Each structure stands twice: as C-alpha cells, then as structure tokens.
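Here's a quick briefing to read alongside the model. Have the sequence and the 3D view open as you go.

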Amino acid sequence: MKILVTGGGSGLGKAIVEELNNHDVYFTYFSSELESKKMCNKHKNLKAFKCDLSNKIQREKFIKQIESVDFDVLINNYYSGKFLKKHFNKTSSNSFIDEYKNNIIPVIEITRVLLEKFKSKGSGLIISISSKALESPPIGSSLYVCSKAVIEQLSVVWNNEYKKYGIRSYTVDPSFMRSKMTNN
C-alpha cells in the first residue's frame, strides 16, 4: 500500500509514519530533517520530502513530485503554527486569512490531486487529523480550532461527494499530546 502523510517528520505525524513503516510511506517534513533522515535510514520503504507546505512554490514543486505516484491513502496531518496564540479579540483578521492560506489551502490542493487519482482507480482513503479541542476549545486556540473545524467539515464533504467512487474520508480527533507544536 502507498500512503502519503503530510507533516510526518515530528510529533503525531512522525508517530503515524513509524507505525505504518511496513508500507510504502511518503511523508513531508519541514524542520525535522535529521529525524526524517534517521527514519528513512531505519526503514527503507519511507520516502521523505522536505517541504514548507505553506510556501506555494515549494508546495507546487512537491505536488509535481508526487503526481505520478499511485497512492492508496492520504493522511492529512500537516499543521503549521502553534496550538495557543492569542485571545480571539486580540487576533487580527489578517491572522485568520494567513491561517487559511497556510493550513487549509495546502490540504485542499494536495487532497484535490489525490482525489482525482483515487477516483480514476475506484478506491482511496483520506484520513484527516482534526482535534478534540473542537469540543471545548482552550482560550487562545481560535486560529488552530478554526483551521481544524474547516478540515473536519471538508472531510465530510469529500466523503459525501466521493463515496460513490469507492473513496472514503474520515477524521481522527486526537486529544492533547505534548509535542513541539504544544510546547507553549
């Protein structure tokens, strides 16, 4: 099975990649180059792509690199930013626009490419990582929670629109876990 994991170099993404190491796993990372290389050296069926998915040029280059791969599963784990930032009333409108550009657009663009591949072969699985924080958002998490809420609803849309082509889309809502993202 060929699996693409976005944001697979550290935290939850790294744990996902390591758990799936008996498959052909392609994953993106940005700041965890040493860890990603160690993972690939340990498991020869892993392929790492250094890419800042919030950077449009890097994202487009990455998409071109994976367009010819016949993936079976997409795991949308990528997130760029911190879990807690500022109270909602101190968060600028531009911060919400940046959140959308940095964390929603990459998911949309990568998923769109893989949906077309899945549709043409009549099967595929999309798993998007959301968060239990949607149930009771902590103070200062409005950007993160809004981003995860959009991804969760997109997953519902993808499932409804593409199940007739043998494509399933689900979300996983992990609880709080200590990682670089939550260190503040």
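**Starting point: Ser 128**

Ser 128 sits in strand β5 (residues 124–129); helices (H or I, at least four residues) and strands (E, at least two) are DSSP runs, numbered from the N terminus. This is a predicted model, where local features need pLDDT of at least 70, side-chain atom pairs count only at pLDDT 80 or more, and totals for chains, interfaces and linings use all residues. Residues are numbered from 1 along each chain as its sequence is written, and side-chain values use heavy atoms, with hydrogens and water left out.

**Around Ser 128**

- Ser 128 has a relative accessible area of 0%, so it's buried (buried means under 20% relative accessible area, exposed over 50%, partly exposed in between, with a 1.4 Å probe and protein chains only).
- Skipping neighbours within four places in sequence, Ser 128 is in contact with Asn 76, Ile 151, Ser 155, Trp 158, Tyr 170, Thr 171 and Val 172 (contact means heavy atoms within 4.5 Å).
- Lys 86 is 42 residues from Ser 128 in sequence and 25 Å from it in space, C-alpha to C-alpha.

**Helix α4 against helix α5**

- The axes of α4 (residues 93–121) and α5 (residues 142–162) come within 10 Å and cross at roughly 20° (axes are lines fitted to C-alpha atoms, for helices over the stretch in contact, and angles run from 0 to 180 degrees between N-to-C directions).
- That makes α4 roughly parallel to α5, since angles under 35 degrees count as roughly parallel, over 145 as roughly antiparallel, 65 to 115 as roughly perpendicular and the rest as oblique.
- Among the residues that meet are Phe 96, Ile 104 and Leu 115 in α4, and Leu 143, Val 150 and Trp 158 in α5.

**Aromatic pairs**

- There are eight aromatic pairs in the structure (rings of Phe, Tyr and Trp, its six-membered ring, pair if their centres lie within 6.5 Å; planes under 30 degrees apart count as stacked, over 60 as edge-to-face and the rest as tilted).
- Phe 49 and Phe 62 make an edge-to-face pair, at 5.3 Å centre to centre and 70° between the planes.
- Phe 49 is in strand β3 (residues 46–50) and Phe 62 in helix α3 (residues 56–66), 13 residues apart, and both are buried.
- Tyr 79 and Tyr 144 have ring centres 5.0 Å apart and planes at 85°, so this pair is edge-to-face.
- Tyr 79 lies in the loop between β4 (73–76) and α4, and Tyr 144 in helix α5, so the pair ties together parts 65 residues apart in sequence.
- Tyr 79 is buried at 15% relative accessible area, and Tyr 144 is buried at 7%.
- Tyr 26, Phe 49, Phe 62 and Phe 71 form one aromatic cluster.
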